[in-house]
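Subject: Structure for you to look at

Hello,

Please find the structure below, followed by my notes on what turned up in it.

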Amino acid sequence: MNDFKEILDQYNWEEVQTKIYGASDQDVLRALNRANLTLNDFMALISPAATPYLEQMALKAQQITQRRFGKTIQLYAPLYLSNECQNICTYCGFSMDNKIRRKTLNNTELLLEAMALKSMGVNHVLLVSGEANKTVEINYFLNAIELLKPHFSQISIEVQPLEQEEYQLLQAAGVYAILVYQETYHREVYKKYHPKGKKSNFDYRLDTPDRIGRAGIHKIGLGVLLGLEDWRVDSFFTATHISYLQKQYWQTRYSISFPRLRPAEGSVAPNFHLSDKHLLQLICAYRLWNENLEISISTRENESFRDHIIPIGVTTMSAASKTNPGGYVVDPQALEQFEVSDERDMETIKNQIRKMGYDPVMKDWESNYSGLVR
C-alpha cells in the first residue's frame with residue numbers, strides 16, 4: 001500500500017498546472033454529463049475552460065447537495081484556546097516572531113467562553129489553538145475536552161499535528177472531527193512560508209490525516225490556505241489526497257474548507273488572488289466530484305458571499321466567530337489570528353438561513369443514526 005507521500009511524489013507541479021490550464025470545453029462538458037466523476041473531471045471543472053459553465057455547475061451542485069444533505073445548514077463556532085505558537089509562519093498572526101501578548105485559557109476562562117457560546121445556542125464547538133507543543137499539548141486538550149463535554153453535543157479540534165497514539169486518546173475522549181490543513185502541497189513554496197518550527201516538516205504534516213484515520217476519528221477535515229500558491233493546482237492535490245484517504249479509511253467522513261488568506265498581524269499579502277467567482281467555481285467542482293463530501297465556509301468570507309452560497313453546495317458554516325483566545329467574553333481585545341469578515345451574530349445568521357428556505361442545525365449528524373437532531 002502506497003502512502004500519500006509516494007502518490008504525491010509521482011506528480012510534477014508544473015505538469016499538473018499545464019494540464020489544468022489546457023483543459024478544453026469538451027473536457028468540461030464531459031465532466032458535467034458524467035454521474036461518477038474522476039480526478040481528471042475535477043481538473044476540468046476547476047480549469048479556466050469551466051468558467052463559462054459556472055451557472056450550469058451551480059445548478060447541478062445545488063441539486064446534488066439537496067438530494068444528499070437536504071435543505072439544512074449545520075452551524076458551529078470556534079473556541080480559541082491559545083495564541084501561543086512555536087512556529088514561524090509568514091501569513092499567521094500567531095507566528096512566533098510576532099511581538100504580541102500571548103494567552104492560553106485556564107479552566108475558568110475556558111468555561112466562561114463555553115457559557116458565552118452556549119448562550120448563543122451553539123452545540124458544536126471547534127477547539128482551535130496555535131502550535132505550542134510544550135504548553136498547549138495533548139494533556140491540555142484532554143482536560144479541555146473533559147471540561148466541555150457536559151456542555152456541547154459535539155467537539156471538534158483544529159490544533160497542531162499529533163501522533164497516532166494521541167489521536168487515539170482524543171477519539172476515546174469523544175472528539176468528533178479533526179481538521180488539519182496542509183496549507184499548500186507545493187513542497188518548495190511550503191518551506192518558504194514555514195521557515196522555522198515543527199510545522200516546517202512538510203512530510204510530517206502530510207502524513208497527519210493518515211494518523212487521524214488510523215486512530216478511528218469520525219471525520220477528517222482538509223483544505224489549503226488559498227492564496228499561498230495557485231489555487232487550482234493546490235485544490236487538485238487536495239482532491240487527490242481526499243480520494244486516497246477515502247479508499248484507505250472508508251468508514252471515515254470527510255469535509256473540505258476554503259480558507260482564503262486574510263489580513264493578520266505581520267502577515268504576507270496573498271501570492272495568488274482567488275476571486276469570489278473562482279471560489280464559487282471551486283465549491284461547485286468539489287460538489288460535482290464528490291456528493292458525500294461536506295463543504296464548510298467560515299466567517300473569513302463576507303456576509304453577501306456566504307448568503308449566496310447557501311443554496312449551492314455548502315453544508316456547514318461557522319457563525320459569530322472570534323479568532324482570539326478569550327474573544328467572546330474573557331479577553332475581547334486580544335490579537336486575532338485573522339480578521340473576520342462576516343461579523344453578524346448567531347441569531348441574524350440563523351434567520352438569514354431560514355429566510356432562504358433552509359434549516360439551521362446546531363448539531364452535526366448523529367454518529368449512531370442517520371437523522372438530524374435540532
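Leaving out neighbours within four places in sequence, Y286 is in contact with F42, S235, T238, A239, I242, I256, F258, L293 and I295, where contact means heavy atoms within 4.5 Å. This is a predicted model, in which local features need pLDDT of at least 70 and side-chain atom pairs count only at pLDDT 80 or more, while totals for chains, interfaces and linings use all residues. Residues are numbered from 1 along each chain as its sequence is written, and side-chain values use heavy atoms, with hydrogens and water left out.

Y286 has 1% relative accessibility and therefore counts as buried (under 20% relative accessible area; exposed is over 50%, partly exposed in between; 1.4 Å probe, protein chains only). Y286 is also one of the residues with the most contacts inside the largest nonpolar core, alongside L127, L170 and F258; that core has 106 residues. Helix 13 supplies its largest share, nine residues. A nonpolar core here is a set of buried Ala, Val, Leu, Ile, Met, Phe, Trp, Tyr and Cys residues joined through side-chain atoms within 4.5 Å. Another core, of 16 residues, lies apart from it and includes C92, V189, L225 and L261.

Helix 13 covers residues 276-289, and its 14 residues reach 20 Å from first C-alpha to last, close to the 20 Å expected at 1.5 Å a residue (the expected span is 1.5 Å times one less than the number of residues). Helices (H or I, at least four residues) and strands (E, at least two) are DSSP runs, numbered from the N terminus. Eleven of the 14 residues of helix 13 are buried, so the helix is largely enclosed by the rest of the structure. Among them are L279, Q281, C284 and R287.

On aromatic rings: those of Phe, Tyr and Trp (its six-membered ring) pair if their centres lie within 6.5 Å, with planes under 30 degrees apart counted as stacked, over 60 as edge-to-face and the rest as tilted. By this rule there are 15 aromatic pairs. Y190 and F202 have ring centres 5.1 Å apart and planes at 85°, so they are edge-to-face. Because Y190 lies in helix 9 (residues 187-193) and F202 in helix 10 (residues 202-206), the pair ties together parts that are twelve residues apart in sequence. Both Y190 and F202 are buried. Y286 and W289 are also edge-to-face, because their ring centres are 6.3 Å apart and their planes at 65°. These two lie in helix 13, three residues apart, about one turn of the helix. Ring pairs also link F4, Y11, W13, Y185, F236, F237 and Y244 into a cluster.

Two charges sit over rings (NZ of Lys or CZ of Arg within 6 Å of the ring centre and within 35 degrees of the ring normal). K118 lies over the face of F152 at 5.6 Å from the ring centre, and R211 over that of Y204 at 3.9 Å.

Some loop residues are worth a look. Q160, between strand 3 (154-158) and helix 8 (164-173), is buried, with a relative accessible area of 2%. Its side chain reaches the backbone oxygen of V136 at 2.9 Å. E183, in the loop between strand 4 (177-179) and helix 9, has a positive phi near 75° although it is a residue other than glycine. A320 likewise has a positive phi, near 55°, and is found in the loop between strand 8 (316-318) and helix 15 (346-355).

Regards

Notes: Polar contact = N/O pair within 3.5 Å; in protein donor to acceptor, adjacent residues only side chain to side chain.
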